[in-house]
Each structure stands twice: as C-alpha cells, then as structure tokens.
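Here is a friendly walk through one protein structure, written for reading alongside the sequence and the 3D view. Keep the viewer open and turn to each residue as it comes up.

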Amino acid sequence: MEQRHLGRTGLRVSRIGLGTLTWGRDTDEHDAADLLKTFWEAGGNLVDTADVYGDGEAEYLLGQLMDGLVPRRDLVISTKAGSVPDPNRRVDGSRGHLLSALDASLARLGTDHVDVWHLHSYDPATPLEETLQALDIAVASGRARYAGVADFCGWQLARAATWQLAAPGSRARLASTQMEYSLLQRGVEREVLPAAVDTGIGLLPSSPLGRGVLTGKYRGDAMPPDSRGASAHLAPFVEPYLDDTASRIVDAVTTAADGLAVTTLQVALAWVRDRPGVTAPVIGARNAQQLTAALSVEALSLPDEICRALDDVSAPVHRYPDHDWSTL
C-alpha cells in the first residue's frame, strides 16, 4: 500500500487507516485478529483507536494482538483522549486528565509509546493552552511521538496549530486532525481543510463511506439485518444519511461505479482518499471480508471527469462569507 507523510512531518503512514471503534463491543477477538492481520499483510500500518472505544476494550484488544500477531514496530498506533462518559461534561481537556488517560492507554496497549496521540475533542471549559501543554509533555517525555486533534472546527484548529507553531523548540507541532469527511459530509471543506493545509496538518477522515451509506447497501429503503442501520445502538448514527439528498449522491456514485466496472465502495473511498489535504481515510470494517473490499481501492484512481461529476452532485451550499458578498 502506498504511504504518505502525515502532515508536514517525517512520519509516513499507509494511505488507508484501520479504525477500531467497534472492537471489544461488536467486533470480538477473532474478527479483530483477522482484521489486523489482513490490514498488515496488505501493507497497512496506521491503526486508529481511542480510550473510550469499548470502554477501553479496543485498546486492550489491540495490545493483545500486537503481542503475538503483528509486530509493534510495523504499526503506527494512533489513540485519542479527552472524551469522558459524563453526561454533564463529555469532554475533559485538563492537563491532569489527559496525561492520566495517556498512561492508562499505554497500559492497555502494552507499549511504552503511541505514535500519534490525538485530543478527542475541544474542551471549552479548559484553557486551550493547558490542553495543548499535555501534548507537549507527552511528546517531550517520549510517551507520544506525534500529536494531533480531532473534531476541532476551523477556528479551533487554526488557533491550536498557530499556538504550537509559535514556539517551535518547545511545543509539538500538530501533525494531524481527524474529522468526518465523505461525499455525504463535506463540511470540513469550509474552514477545517483550508486551516489544515495552511498549517501543515494532515487530515485523517473518519466515516469516509458516509457511515456505510455510500456502499449502496441501503438503496431503495433496504435495511440489511446485519448492518449498522439495523443495529439498536448504531441506527441513530446512520439515520441522518438516509435522506433524499444522500440517495441522489449514492445514485451518482453507483452510476460512476457501473461505468468504471468497480464497486460503489471503491468509488466513494477513492474520491475522499485523493482529496487535497487528505492523508488517510480511516475505515471501520466489521470483518476481514469488508476490509478486503475496501483495500481493493489501492489500484483505483478516479478519472478527472468522474471526480468533477461527483463534486458537482455532492457540492455543499457555502455562501457568505466564503464568496464575495457582491456576487450573492
């Protein structure tokens, strides 16, 4: 698998990442082992997790698999901290919580460092400088090799990146940001992507297949019984993308796939993988068969005319201040 630099750093990662959101909950040890081995054998190295995935079980399971299935040195492990299971707060970006969470993640993963450590979300109740200092301490202490953020809007990302760049000898520059990005969700193009590109931050898109909708499995009101849309706890996650707008985009992707003699999954994934500013979409496959289907996109590059057609049909409505007010 082709590799790309993560933002403006020397770290190289596979241009498709493996997500572990369901590990330890919907994905058991055997399926997780198959997923990791399939990914590794295909040349993938970027594995993304978080301390809240499966209440820590995802990290623990990944650590167990690294112990004997896949060499730790062959993987770029990314984890996240900051989300908390507290309905009254949900995010804790305090330095004390973040560093304690990192130590707990390292213990579950069974390693002395993670390759990329992300803040899981912006905490408006904690000074940003304090939150970012946790990243600096983690990198300076060797517990994290690189630092990033997730789910920061445009001004938050620009402010954090600029703060880190203001003292290059003592602060760890942000290497990456994780945000949802697909043909069904292009909101990051408004401000997040321009900020990321300008400050040298690589984008790691989550849900690059539109929460599974872009595979075409839900066309015509279909609801496969083993799909996330039919799952009691994941149905609300999928439901927002089962509207008429999404249906038109899926139809366009299907038409493109038919014309290229490939799958809708391949078209949708190739589109987001090769967008400007993107380093590596993160795929959350349920089993090795799904992952193999996603990894088959490696040999596909979409023709320019197909990209333009998909851009047009999925274009978000951005007016003022994105365009000159005099043209509106």
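## From a strand residue into the core

Ile283 is found in strand E10. The model is a predicted one, so please read every value below as computed from predicted coordinates. Ile283 counts as buried, because its relative accessibility is 5%, and buried means under 20%. What surrounds Ile283? Leaving aside neighbours within four places in sequence, Ile283 is in contact with Ile16, Gly17, Leu18, Gly19, Pro208, Leu209, Leu269, Leu291 and Ala294.

Leu291 is buried, with a relative accessible area of 0%. Not counting residues up to four places away in sequence, Leu291 touches Leu18, Leu35, Thr38, Phe39, Ile283 and Ala285.

Next comes Ala32, found in helix H1, residues 29-41. Ala32 is buried, at a relative accessible area of 0%. Beyond the residues up to four places away in sequence, Ala32 touches Trp23, Thr27, Leu61 and Leu65.

The C-alpha to C-alpha pairs are set side by side here:

| Pair | Apart in sequence | Apart in space |
|---|---|---|
| Leu291 and Met1 | 290 residues | 14 Å |
| Ala32 and Asn287 | 255 residues | 7.5 Å |

In soluble globular proteins, nonpolar side chains tend to be buried together. In this model, the largest nonpolar core holds 84 residues, and Trp23, Leu36, Trp117 and Leu157 touch the most other members. Which helix gives the most to this core? Helix H9 (residues 264-273) does, with seven residues. Apart from this core lies another one of 10 residues, among them Leu46, Val116, Ala175 and Ala280.

H9 itself is mostly covered, as 10 of its 10 residues are buried. The buried residues of H9 include Leu265, Val267, Leu269 and Trp271, and also Thr264, Gln266 and Arg273. What covers them? The covering elements include strand E1 (3-5), strand E9 (202-206), helix H8 (244-260), strand E10 (282-283), helix H10 (288-295) and helix H11 (304-314).

Is Glu59 buried or exposed? Glu59 is buried, with a relative accessible area of 0%, and its place is in helix H2, residues 57-68. Not counting residues up to four places away in sequence, Glu59 touches Thr49, Ala50, Asp51, Thr79, Ser105, Arg108 and Leu109.

Thr111 sits in the loop between H3 and strand E6 (114-119). Its relative accessible area is 15%, so Thr111 still counts as buried, since the cut-off is under 20%. Thr111 touches Arg72 and Leu106, again without residues up to four places away in sequence.

Now to the second largest pocket, with about 350 Å³ of space. The pocket is lined by Val52, Gly54, Asp55, Ser83, Val84, Pro85, Arg90, Val91, His120, Ser121 and Asp151. These lining residues divide into four nonpolar, four polar and three charged.

Arg90, one of the lining residues, is found in the loop between strand E5 (76-81) and helix H3 (95-109). Arg90 counts as exposed, because its relative accessibility is 61% and exposed means over 50%. The phi of Arg90 is near 75°, a positive value in a residue other than glycine. Ser207 also has a positive phi, near 45°, and Ser207 lies in the loop between E9 and helix H7 (235-238).

## Cysteines

How many disulfides does a search of the whole structure find? The search finds zero. Cys153 is partly exposed, with a relative accessible area of 28%, and Cys307 counts as partly exposed at 23% relative accessibility.

How values were computed
Residues numbered from 1 in each chain as written. Predicted model: local features only at pLDDT ≥ 70, side-chain atom pairs only at ≥ 80, totals over all residues. Heavy atoms only, no water. Core = buried A, V, L, I, M, F, W, Y, C linked by side-chain atoms within 4.5 Å. Buried < 20%, exposed > 50% of the residue type's maximum accessible area, 1.4 Å probe, protein only. Helix = DSSP H or I, 4+ residues; strand = E, 2+ residues; numbered from the N terminus. Contact = heavy atoms within 4.5 Å. 1 Å grid on protein atoms, 1.4 Å probe; cavity = no way out; pocket = protein on both sides within 12 Å on 5 of 7 lines; lining within 4 Å. Points joined across faces, edges and corners; volume = space filled by probe spheres on them. Nonpolar A, V, L, I, M, F, W, Y, C, P; charged D, E, K, R; others polar. Disulfide = S-S within 2.5 Å.
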